[in-house]
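Have a look at the structure first, then read on.

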Amino acid sequence: MAINKLKNQQYEEIRALFKSVINLTSSLSAFGIKLKHENETISNYIHELDLISSNFSQDFNNIISEQGLIVSGSQNISELLSNIQSEIQLVKSGVVNNSNTMLQVLEQMNAIKSKSDHMRNQIQLLDTASKEVQSSIKNLEKIALQTNMLALNASVEASRAGAAGKGFGVVAGEVQSLSLSTSKLLETMTSSLENINSSTSVAMNSIQDTAISIGVIDDTISVLSNDLSGEKQNIEEIYENVSKINTISSNFTEITTNVSRTIEESTKHVNQITQMSNNLERVVKNLGDLYKSFENVENQSKQSEKSISNITSNSQYSFNNNDFIAILEAAVSAHKSWTETVTKMVHEHTVIPVQSDSHKCGFGHYYYLLSPKSKSIMPLWESIEAKHSQLHKLGEKIIIAVSSNHLDKSIEYLSQVQSLSLDIINSFNKMINITQNMERETVF
């Protein structure tokens with residue numbers, strides 16, 4: 001009795017050991033997947049760091065080169081601005097001188113205009129006096145004509161008087177001669193006055209035209225003077241703006257120099273990042289070597305599983321119905337968790353390490369080691385393999401789709417995963433119910 005009890009205890013310990021070995025192998029597989037994923041992730045990060053570091057170095061070199069050109073250009077701009085300021089100062093002086101000259105010319109033109117107006121007034125007075133003289137000459141001509149008529153009449157009367165009127169005839173002749181001389185003189189004066197009137201009229205018109213021209217020139221000079229005043233103000237504003245630009249250029253040169261120093265410091269940091277990347281590459285290589293060693297351990301565990309499979313074929317060491325139910329319940333929980341992880345991966349668009357090999361998942365280790373003998377269990381057990389294998393292959397496809405940012409594909413695959421997972425879990429639950437209702441029959 002004691003011997004049988006001891007044997008049963010030993011069998012239980014051996015079965016527990018078998019379970020531990022299988023669970024250890026399953027855990028090793030899960031850890032291997034995570035280790036491989038993290039190793040690949042670090043490798044990708046290192047590659048990205050190398051690219052970023054290389055791009056930064058190239059960009060910094062280009063920026064430093066451009067900075068040199070900018071500093072040189074800024075210095076040239078400062079020199080040009082200084083030259084422009086000098087030129088503007090000269091232009092400003094010229095504008096001021098021109099403006100003063102214009103004002104002087106304007107004053108002289110105003111004086112000329114005033115004199116021209118005075119001359120015009122004098123000529124107008126001369127014209128008036130000339131006309132008055134002409135009027136007086138006309139009156140004198142009438143008097144001379146009347147005197148001539150009287151002289152003729154006196155001569156006639158003297159002739160009639162004979163010797164007594166001879167003296168009077170001489171006087172009448174002299175008066176007539178004087179009258180004729182006066183008429184000729186008056187004719188000459190009239191002609192001269194007409195010439196004077198004509199010249200005065202021409203002079204008046206000329207002076208008037210000159211006055212108009214002077215007025216136009218005066219207006220033009222006033223406009224030019226105002227424009228020069230405006231230009232002077234504009235030049236002063238330009239000079240002030242150029243001074244500001246020159247100041248900004250000087251500040252920009254200083255800022256550029258500071259940026260160059262900052263870039264040099266950043267370049268040192270980039271070099272440090274490159275060094276860290278190289279160190280990480282060595283770590284990744286070591287992780288790769290560790291993963292290869294881990295694969296050897298996993299392969300040894302698989303060999304242990306095969307040995308366990310051979311031993312459990314002996315009815316004394318085979319798993320009982322409760323063991324089978326526990327395996328199925330663990331499989332249900334594991335597949336729910338696996339499906340939730342895959343769903344999270346699709347929704348968050350982030351790759352999460354999941355087991356994509358149906359032989360290496362927790363249930364897979366049991367599935368390919370155990371061979372149920374129960375006829376009520378066998379059909380369900382055998383139907384799971386194709387579905388289970390397809391489920392994990394879809395997991396691999398989802399990883400690829402998420403990595404490639406193919407959202408539609410990942411959603412399509414997830415829908416298939418959820419459907420298959422429900423089908424597989426349903427088969428697990430059926431086998432659990434059948435096993436729980438067995439009275440004397442055993443699964444193995």
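Searching the whole structure turns up one cavity of 30 Å³ or more. Here a cavity is a set of points on a 1 Å grid, over the protein atoms alone, where a 1.4 Å probe fits but cannot get out, and lining residues have an atom within 4 Å of a point. Keep in mind that this is a predicted model: local features need pLDDT of at least 70, side-chain atom pairs count only at pLDDT 80 or more, and totals for chains, interfaces and linings use all residues. Residues are numbered from 1 along each chain as its sequence is written, and side-chain values use heavy atoms, with hydrogens and water left out.

**The cavity**
- The largest cavity holds about 40 Å³ of space, the volume being the space filled by probe spheres set on grid points joined across faces, edges and corners.
- Its lining includes Val346, His349, Ala401 and Leu407.
- Two or more lining residues come from each of α5 (378–403) and α6 (407–436); helices are DSSP runs (H or I, at least four residues), numbered from the N terminus.

**The salt bridge**
- Lys387 forms a salt bridge with Asp423, their closest N and O atoms being 3.0 Å apart (a side-chain nitrogen of Lys or Arg within 4 Å of a carboxyl oxygen of Asp or Glu).
- Lys387 sits in α5 and Asp423 in α6, so the pair ties together parts 36 residues apart in sequence.

**Around helix α3**
- The end C-alpha atoms of α3 (residues 321–348) are 40 Å apart, which agrees with the 40 Å that its 28 residues should span at 1.5 Å a residue (1.5 Å times one less than the number of residues).
- Just after α3, His349 takes a positive phi of about 55°.

Key
1 Å grid on protein atoms, 1.4 Å probe; cavity = no way out; pocket = protein on both sides within 12 Å on 5 of 7 lines; lining within 4 Å.
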